Amino acid sequence: TGAFLAVAWARRTTERRKPAGGLDVATLVTYGIGAALLLLMLTLMGLGLGVDPLSWLAGFLLGGGAAAPRLILLAYWAVLLPVSVYAISGLAQRRLSRTVVRKAYHILAVLLFAPA
């Protein structure tokens, strides 16, 4: 809730002012909060696992006999997600009914979870 309140406050106080870089203050606050939460999450995971979480993830994906199916599934998801989000956003921009767009997201969910 604190992150939400900080972003809401930043959006209210900026009134669409943008610095020279093109990012408004609310966007910078959002990125800062996201980076802080990511760092906190990695630190807590490291304490809980007893190893560096990024090293553990690399070992999980690349090590052992089951690495090939994991990498194939990861590549499948990496291709499917951007393509489908682009296609579904195109459906939404064409002013189709919400039902059609929602059904497209349901198809995406089936395509993502069926191979796993």
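Leu80 lies in helix H4, which covers residues 67–93. The model is predicted. Start at this leucine and look at its surroundings.

Is Leu80 buried or exposed? Its relative accessible area is 15%. Buried means under 20%, so Leu80 counts as buried.

Which residues does Leu80 touch, leaving aside those up to four places away in sequence? They are Leu108, Leu111 and Leu112. Take Leu111 from that group. Along the chain, Leu80 and Leu111 are 31 residues apart.

Now turn to the aromatic rings. How many aromatic pairs does a search of the whole structure find? The search finds one. Its members are Trp56 and Phe60, and the pair is stacked.

A pair of aromatic rings is described by the distance of the centres and the angle of the planes. For Trp56 and Phe60, the centres are 5.4 Å apart. The angle between the planes is 10°. Stacked requires planes under 30 degrees apart, so this pair qualifies.

Where do the two residues sit? Both belong to helix H3, residues 53–62. They are four residues apart there, so about one helical turn separates Trp56 from Phe60.

Both residues of the pair are partly exposed. Trp56 has a relative accessible area of 45%. For Phe60 the value is 37%.

Arg70 lies over the face of Phe60, 3.9 Å from the ring centre.

Methods: Residues are numbered from 1 along each chain as its sequence is written. This is a predicted model: local features need pLDDT of at least 70, side-chain atom pairs count only at pLDDT 80 or more; totals for chains, interfaces and linings use all residues. Side-chain values use heavy atoms; hydrogens and water are left out. Helices (H or I, at least four residues) and strands (E, at least two) are DSSP runs, numbered from the N terminus. Buried means under 20% relative accessible area, exposed over 50%, partly exposed in between (1.4 Å probe, protein chains only). Contact means heavy atoms within 4.5 Å. Rings of Phe, Tyr and Trp (its six-membered ring) pair if their centres lie within 6.5 Å; planes under 30 degrees apart count as stacked, over 60 as edge-to-face and the rest as tilted. A charge sits over a ring if NZ of Lys or CZ of Arg is within 6 Å of the ring centre and within 35 degrees of the ring normal.
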